[in-house]
Amino acid sequence: MDDNAVYDARIELVDFVIEVFHDTPDEAFGERLLAGEIETPGDEVNEHLDAGFAALEEFIEANQGRDVEAVVDELAREYTVLMVGPRPDVLPHETYYRDDTEFIGEGLADVEASYGAAGWNPPEEYGEENDHIAVEFAFLRNLIERQRAGHDETVGFERVFLDEHLLTWLDQFTDHLVEQTDEPLFVAGAQIAAGTASFEDEIVAQLL
């Protein structure tokens, strides 16, 4: 696989996580999924990614031929119950899963400091606290895009962000979400998030 293909794969994984978690999945995303526009690799990658791809294939198979609007409506209801509330079962925020800080407490400033050090501002359209999984993956996407453009310093920023943030909580988040829902798309999103962090960990180790 050439460098461009690797960058494409990295960005596609990150974008999938953002699409699943930044808000209720929309109809355009549902159409792409059910049209088979998101491909999964045939080879094993790592435990979380393999589980995520299997869950995604389960979702596609279970909903093949169904009305996309109906599928998206079901996803929206499950997303709201699971992650919005009024009493959500799962809060996809780093500080919720960290033992060393309070939810939306001082740990949030640490996340934001990582963004600021790399010269990045979170996109306003997400409407979430800056430790939300979608925001953290948007930052990861920015770093990958800048690496592709030859900004080698972003590899160091990613190393720190993986070690101090993503790798510290995504396994716990994934285990919790899998316990709380049988919806394979959200299971796929969580597993692919944790697997992507592990995949990026290996790539960054090679780049440094």
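Predicted model: local features only at pLDDT ≥ 70, side-chain atom pairs only at ≥ 80, totals over all residues.
**Entry 1: helix α6**

I stayed with α6 and checked its length. The helix has 12 residues and reaches 17 Å from its first C-alpha to its last, close to the 16 Å expected at 1.5 Å a residue. Next I listed its buried residues: Gly107, Leu108, Val111, Ser114 and Tyr115. Seen down the axis of α6, these fall within an arc of 115°, so they line one face of the helix. I was happy to recall the general rule here: an α-helix has 3.6 residues a turn, so residues three or four places apart point the same way.

Which exposed residues sit on the face of α6 turned away from the buried side? I noted Glu106, Gly116 and Ala117. I then looked for what covers the buried residues of α6, and the cover includes α5, α7 (133–148) and α8.

I moved back to the loop between α5 (94–97) and α6 (106–117), where Thr101 lies. Is Thr101 buried or exposed? Its relative accessibility is 15%, and since the cut-off for buried is under 20%, Thr101 counts as buried. A polar atom of the Thr101 side chain lies 2.8 Å from the backbone nitrogen of Gly107. Leaving out residues up to four places away in sequence, I found Thr101 touching Thr95, Glu106 and Gly107.

**Entry 2: helix α3**

The buried residues of α3 are His48, Leu49, Gly52, Phe53, Ala55, Leu56, Phe59, Ile60 and Asn63. They cover an arc of only 160° around the axis, which puts them on the same side of α3. On the other side, Glu47, Glu61 and Ala62 are exposed.

What do the buried residues of α3 pack against? I wrote down α1 (3–21), α2 (27–34), α4 (68–84), α8 (153–180) and α9 (184–207).

Asn46 caps the N-terminal end, with a side-chain oxygen 3.3 Å from the backbone nitrogen of His48. After the helix comes Gly65, whose phi is positive, near 85°.

I took a separate look at Ala62 in α3. At 56% relative accessibility, Ala62 counts as exposed. Ala62 and Leu34 are 28 residues apart in sequence, and their C-alpha atoms are 9.8 Å apart in space.

**Entry 3: α2 against α4**

At what angle do α2 and α4 pack? I have about 115°, with the axes 9 Å apart. The crossing of α2 past α4 is right-handed. On the α2 side, Glu27, Gly30, Glu31 and Leu34 meet Val68, Glu69, Val71 and Val72 in α4.

**Entry 4: Met83**

My last stop was Met83, in helix α4. Met83 is buried, with a relative accessible area of 8%. Which residues does Met83 touch, not counting those up to four places away in sequence? I recorded Phe21, Pro88, Val90, Pro92, Leu177 and Phe186. I also looked up the separation from Val135, 52 residues apart from Met83 along the chain: the two C-alpha atoms are separated by 15 Å.

Terms used
Residues numbered from 1 in each chain as written. Heavy atoms only, no water. Buried < 20%, exposed > 50% of the residue type's maximum accessible area, 1.4 Å probe, protein only. Helix = DSSP H or I, 4+ residues; strand = E, 2+ residues; numbered from the N terminus. Arc of directions from axis to C-beta. Contact = heavy atoms within 4.5 Å. Polar contact = N/O pair within 3.5 Å; in protein donor to acceptor, adjacent residues only side chain to side chain. Axes fitted to C-alpha atoms, helices over the stretch in contact; angles between N-to-C directions. Left-handed = near helix turned anticlockwise from the far one by under 90°. Expected span 1.5 Å × (residues − 1).
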